Amino acid sequence: MIEVKNLSKNYGSHTAVKDLSFTVESGQVYGFLGPNGAGKSTTMNIITGCLAATQGQVLIDGYDIFDNPKEAKKKIGYLPELPPVYPDMSVYEYLLFVARAKGVAKADIKAQVDAVMAKTGISDVSRRIIKVLSKGYRQRVGIAQALLGDPETIILDEPMVGLDPKQIIEMRELIRQLGTDHTVILSSHILSEISAICDRVMIISKGRLVAVDTPENLARVGEEKRILRLTVKGDADAVKEAVCSVDGVSEAELTSSEDGCVSLEIGMSGDTDCREAIFYRLADAKMPILAMQINKVSLEDIFLDLTSDKAEDETEVQEVEADEGDIQA
Amino acid sequence: MRAIYRRELKSYFNGIAAYIFIAFILLFVGIYTWSYNLNGKLPFFEYVLANVGFVFMLIVPILTMRVISEEKKQRTDKLLYSLPLSTTQIVMGKYLAMLTVFAIPIGVMCFYPLILSRFGYIEFVTTYGSIFAFFLQGAALIAIGMFLSSLTENQIVAAVLTFAVVLVSYFMYSLASLISASATMSLIAFSVLIAAIGGGAWLATKKPMFGLCIFGLLEIPLLAIFVIKPALLEGSFQTLIKNISVFNRLYSFIDGVFDLVGIVFFLSVIFLFVFLTVQSLEKRRWS
């Protein structure tokens with residue numbers, strides 16, 4: 001279990017991480033999601049002891065990474081952004097070195113190195129010099145290195161960056177496998193990667209944690225905010241009144257009106273689908289619907305919503321609406 | 001620490017660095033042995049050691065330039081930081097690996113006096129005392145080189161810095177003796193030195209006030225001494241340089257004195273620069 005308490009990190013006057021607190025439970029795959037420069041790498045570097053925090057505490061199974069680094073580091077395997085490999089060593093030599101440095105018992109070293117090589121699928125390149133390996137294989141060597149010493153938690157910083165689509169799928173499968181007997185924390189700025197693998201998503205923005213939840217729950221938040229876009233022929237006020245009287249409509253907003261047609265955005269609350277009700281209500285009122293479209297707020301939108309400033313957010317939304325208005329017109 | 005040591009040693013011999021290092025030192029020691037002992041028929045191997053000191057300018061950078069800078073460049077420093085090892089263990093592992101490489105030509109050199117003794121009388125105690133001091137001198141310079149390597153990501157920069165520092169310490173004493181021993185000259189020389197220290201502090205902390213404070217703190221007592229008792233400063237700069245020169249210490253061993261102060265001096269330099277290397281690596285975590 002990893003506990004991060006009130007973590008802050010300043011680089012000079014720039015604040016990379018601000019008052020970050022979270023707990024990582026054992027046996028789950030955590031995804032650290034945030035745009036570039038949000039403080040993901042900084043946080044991971046601090047958790048693994050590569051960087052000292054300006055403020056705050058990191059406890060790994062109760063051991064403080066600053067006060068008790070040796071015990072704490074034994075419980076963590078870390079793959080930084082760039083795999084920390086020595087290019088002039090062979091894969092096998094390199095893994096032997098890491099195993100020795102991690103204090104693996106002499107009798108277990110060979111067996112453990114063989115085991116991690118098999119797990120990461122690099123047994124067939126074990127005698128090759130790391131310099132000549134492709135990025136995907138280097139990444140695997142990096143993961144193999146992190147697995148040595150049998151740490152409870154594996155921390156992977158952007159493990160999919162620079163891999164081709166096939167390698168990404170393989171890497172995803174590998175991480176999923178690791179997740180069965182390790183706690184895994186991985187970071188990414190790509191949402192689909194995270195939602196495909198992780199049990200829990202932590203969204204971080206500008207050094208702050210903005211959301212922690214399962215991908216399903218985050219998506220549900222999205223569904224609750226379903227938006228219906230309507231274009232109706234008729235008088236603006238009358239249309240709005242008619243729509244608002246339907247059950248399940250929480251709000252209706254006029255976006256444009258042209259040539260006797262009005263466009264509306266309707267917020268729907270709850271699980272009820274009120275499209276049918278709206279259709280009949282407007283049909284009764286002799287106001288024909290010209291276009292109707294339901295928009296689910298995707299995980300992507302939530303991510304953008306959570307990681308952008310409120311002010312920026314609003315202007316973005318307005319721009320999007322203006323564009324769509326043009327298309328409809 | 002042993003894992004780091006083994007890896008370092010292996011990487012020296014996997015590459016070309018260790019071979020060049022050993023070849024250089026044996027080449028120059030060989031030339032001087034031939035010239036003094038064989039050709040000149042002098043029974044003093046220590047004279048060779050007294051004269052090949054310049055070889056450190058070439059070989060120390062070869063050995064030390066990549067030792068830490070390359071870790072930063074390859075991003076393997078992250079691995080080292082995340083290992084359950086203390087920074088001191090990492091630095092000591094690396095330093096001992098370099099000393100092991102350095103011990104190989106020294107070991108070879110130990111046979112020379114034995115060979116020479118076949119042809120004449122060799123004072124073994126002085127000779128081996130001098131070889132020991134030569135080893136310590138090299139060890140001190142390697143520690144300095146390692147520290148300089150920890151300051152940069154670029155091994156060429158590290159090599160040039162190390163070359164410059166060894167060069168300056170090699171010529172330091174002869175340069176200092178060019179300055180007249182008068183109190184005024186000493187004052188000027190010390191002031192320049194203090195200004196350099198102050199400037200260094202400014203650059204290191206990026207705080208001009210801090211550099212200025214250090215400069216003032218050292219310069220004011222100096223001026224006070226100059227005004228109150230100028231006799232104290234006479235020749236003092238040379239004495240200081242003579243005492244801090246890594247190369248100068250060797251000569252008392254060559255003269256047949258097993259200079260304990262010299263040994264303590266070498267060990268202090270080693271300790272200081274290993275310590276500074278550890279601090280330099282620790283500082284990166286705090287930046």
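I started with β9 (residues 200-205) of chain A, which pairs with β10(A) in the antiparallel sense over 5 bridges. Two strands count as paired if DSSP finds at least two bridges between them. Helices (H or I, at least four residues) and strands (E, at least two) are DSSP runs, numbered from the N terminus. I looked up one bridge: M202(A) has V212(A) in β10(A) as its partner. The general rule in my notes is that strands of a sheet pair through backbone hydrogen bonds, either parallel or antiparallel.

This is a predicted model, in which local features need pLDDT of at least 70 and side-chain atom pairs count only at pLDDT 80 or more, while totals for chains, interfaces and linings use all residues. Residues are numbered from 1 along each chain as its sequence is written, chains are lettered from A and ligands numbered from 1 in the order in which they are written, and side-chain values use heavy atoms, without hydrogens and water.

Next I traced the sheet. Its 6 strands run in the order β6-β7-β8-β3-β9-β10 (chain A), open, with mixed pairing. I asked which strands stand at the edges. They are β6 (76-79) and β10 (208-213) of chain A; each has a single partner strand, so one side of each lacks a neighbour in the sheet. Neighbouring strands are turned by 15 degrees against each other on average, direction ignored. Axes are lines fitted to C-alpha atoms, for helices over the stretch in contact, and angles run from 0 to 180 degrees between N-to-C directions.

Then I checked the helices on this sheet. Helix α1 (residues 40-47) of chain A lies across β3 (29-33), β6, β7 (153-156), β8 (183-188) and β9 of chain A, at about 150 degrees to β8(A). Helix α6 (residues 165-181) of chain A lies across β3, β7 and β8 of chain A, at about 145 degrees to β8(A). Contact means heavy atoms within 4.5 Å.

I moved to another sheet of chain A. It is open and antiparallel, with 4 strands in the order β2-β1-β4-β5. Its edge strands, β2 (14-24) and β5 (63-64) of chain A, each pair on one side only. Helix α1(A) packs here too, touching β1 (2-11), β2 and β4 of chain A, with its direction at about 120 degrees to that of β1(A). Between β4 (residues 55-60) of chain A and β5(A) I found 2 antiparallel bridges. There L59(A) stands opposite D64(A).

Is β11 (residues 227-233) of chain A enclosed or open? 5 of its 7 residues are buried, so β11(A) is largely enclosed by the rest of the structure. Buried means under 20% relative accessible area, exposed over 50%, partly exposed in between (1.4 Å probe, protein chains only). β11(A) runs antiparallel to β13 (residues 261-268) of chain A, joined by 7 bridges. Antiparallel β14 (residues 289-295) of chain A is joined to β11(A) by 6 bridges.

Helix α4 (residues 106-120) of chain A came next. Its buried residues include I109(A), V113(A) and V116(A). The buried residues of α4(A) pack against α3 (91-101), α5 (135-147) and α6 of chain A. Just after α4(A), G121(A) takes a positive phi of about 70 degrees.

Last, I looked up cysteines. The whole structure has 0 disulfides (pairs of cysteine sulfur atoms within 2.5 Å). C50(A) is buried at 4% relative accessible area, and C110(B) is partly exposed at 25%.
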